[in-house]
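I opened the model to log the ligand site and the strand pairings. Entries follow in the order I looked.

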Amino acid sequence: MLSLTGATVRFGDRAVLDAVDLEVAEHEIVCVLGPSGSGKSTLLRAVAGLQPLDAGRVLLGGADQAGVPVHRRGVGLMFQDHQLFPQRDVAGNVAFGLRMHGVPKGEQGARVAELLDLVGLPGAGRRAVSALSGGEQQRVALARALAPRPRLLMLDEPLGQLDRGLRERLVVELRALFARLGTTVLAVTHDQGEAFALADRVVVMNDGRIAQTGTPVDVWRRPASEFVARFLGFDNVVPATVTGAAADTVWGKIPVPDGSPQGEHRLLVRPAALRRVPAGEGLACRAATRTFRGDHVAVTLLPAEGPPLEAEFTLRDAPEEGAEVDVEFRAEDVVVLEEA
Ligand SMILES: Nc1ncnc2c1ncn2[C@@H]1O[C@H](COP(=O)(O)OP(=O)(O)OP(=O)(O)O)[C@@H](O)[C@H]1O
């Protein structure tokens with residue numbers, strides 16, 4: 001459905017999009033994830049036709065989009081600051097895209113009503129946009145983007161402004177809605193929780209390039225590099241020499257899963273890998289900080305050598321701050337990162 005090959009955008013001598021190859025299949029929901037400035041918005045803008053490419057191609061349904069203006073690409077856009085027209089009511093906003101696409105006036109009313117039903121705002125057509133909550137405005141923006149039945153819907157930080165609870169609810173609704181409509185979606189977010197909940201596939205960007213792509217579970221389980229691991233919030237990454245089923249590290253010998261790459265690699269130790277053992281039987285550490293997280297306690301452990309170790313314990317097992325503890329590692333929560 002969408003295909004980018006070697007897509008490159010330069011500002012000055014810096015490639016903000018650096019030879020990006022990306023395929024999005026029909027009905028697929030792809031979320032682009034990455035730190036601020038990694039090129040996510042530029043990627044969307046290039047697909048929409050708002051940003052010309054310096055090299056490479058964008059194909060939609062097999063057709064090269066070079067020179068095709070935004071309104072001829074058949075893509076729907078919904079941006080962070082959803083830019084509703086404040087002087088128009090809800091129906092006027094949703095009908096905007098229909099008018100632009102020359103849908104006869106007689107058909108517009110029914111289509112608007114259908115879309116408002118779809119996004120959970122039945123009968124809201126006459127309401128003033130300014131009188132809506134943030135979440136309701138977001139739904140109106142979504143209805144407006146969906147109204148012309150775009151072949152590809154692009155969302156830039158679609159839930160960025162909303163509070164966490166509402167975002168978590170809306171993301172579930174969105175996924176169900178897209179599945180029902182069979183919408184093909186390319187979304188951009190810096191929030192990994194949002195991306196993992198919404199996407200069939202995530203694309204992690206770093207500095208204009210794709211650092212990893214895969215299903216949310218794959219990327220979470222097997223980050224491809226130290227960059228991706230740290231971006232996902234994992235801080236326990238150290239150099240290691242892997243031989244068979246164990247890795248030599250500054251924290252001592254750590255068991256690794258069967259089939260792990262051998263030799264010199266970076267090693268990721270998830271906080272859940274650490275388990276307390278009796279004194280003298282594991283790696284001796286001091287518990288520096290202890291943070292209650294609801295379903296677990298996050299503890300920063302200071303070993304005699306090497307960087308601090310972030311650990312996760314149940315409330316029952318969590319050591320007090322300042323306590324001396326010994327820990328061992330569980331192979332299933334250790335990842336040998338592919339990148340050497
Ligand atoms: N018109 C422009 N001229 C010069 N530099 C630009 C322009 N647009 C974007 N950039 C730069 O390109 C880089 C990538 O920007 P982009 O908006 O694509 O990143 P992003 O990943 O979407 O970031 P954020 O999450 O902060 O929105 C940034 O360093 C930005 O400053």
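I took helices (H or I, at least four residues) and strands (E, at least two) as DSSP runs, numbered from the N terminus. This is a predicted model, in which local features need pLDDT of at least 70, side-chain atom pairs count only at pLDDT 80 or more, and totals for chains, interfaces and linings use all residues. Residues are numbered from 1 along each chain as its sequence is written.

I listed the surrounding residues: Phe-11, Val-16, Gly-34, Ser-36, Gly-37, Ser-38, Gly-39, Lys-40, Ser-41, Thr-42 and His-190. By class I find two nonpolar, eight polar and one charged. Here Ala, Val, Leu, Ile, Met, Phe, Trp, Tyr, Cys and Pro are nonpolar, Asp, Glu, Lys and Arg are charged, and the others, Gly among them, are polar.

I called two strands paired if DSSP finds at least two bridges between them. An open sheet of four strands runs β2-β1-β4-β5, with antiparallel pairing. β2 (14–24) and β5 (63–64) are the edges; each has a single partner strand, so one side of each lacks a neighbour in the sheet. Seven bridges join β1 (residues 2–11) to β2. There I found Ala-7 opposite Val-20. α1 packs on this sheet and touches β1, β2 and β4 (55–60). Contact means C-beta atoms, placed from the backbone, within 7 Å. The direction of α1 makes about 65 degrees with that of β2. Axes are lines fitted to C-alpha atoms, for helices over the stretch in contact, with angles from 0 to 180 degrees between N-to-C directions.

β11 (residues 237–243) and β12 (residues 246–249) pair antiparallel over three bridges. Thr-241 has Asp-248 as its bridge partner. Two residues separate these strands in a hairpin, and Gly-244 in the turn has a positive phi of about 60 degrees. β12 then joins β13 (residues 252–255) by four antiparallel bridges. A hairpin of two residues links them.

**β17 and β18.** β17 (residues 297–303) pairs antiparallel with β18 over five bridges. Val-299 stands opposite Ala-311.

Technical notes. A residue is near a molecule or strand if its C-beta atom, placed from the backbone, lies within 6 Å of it. Two residues are in contact if their C-beta atoms, placed from the backbone, lie within 7 Å.
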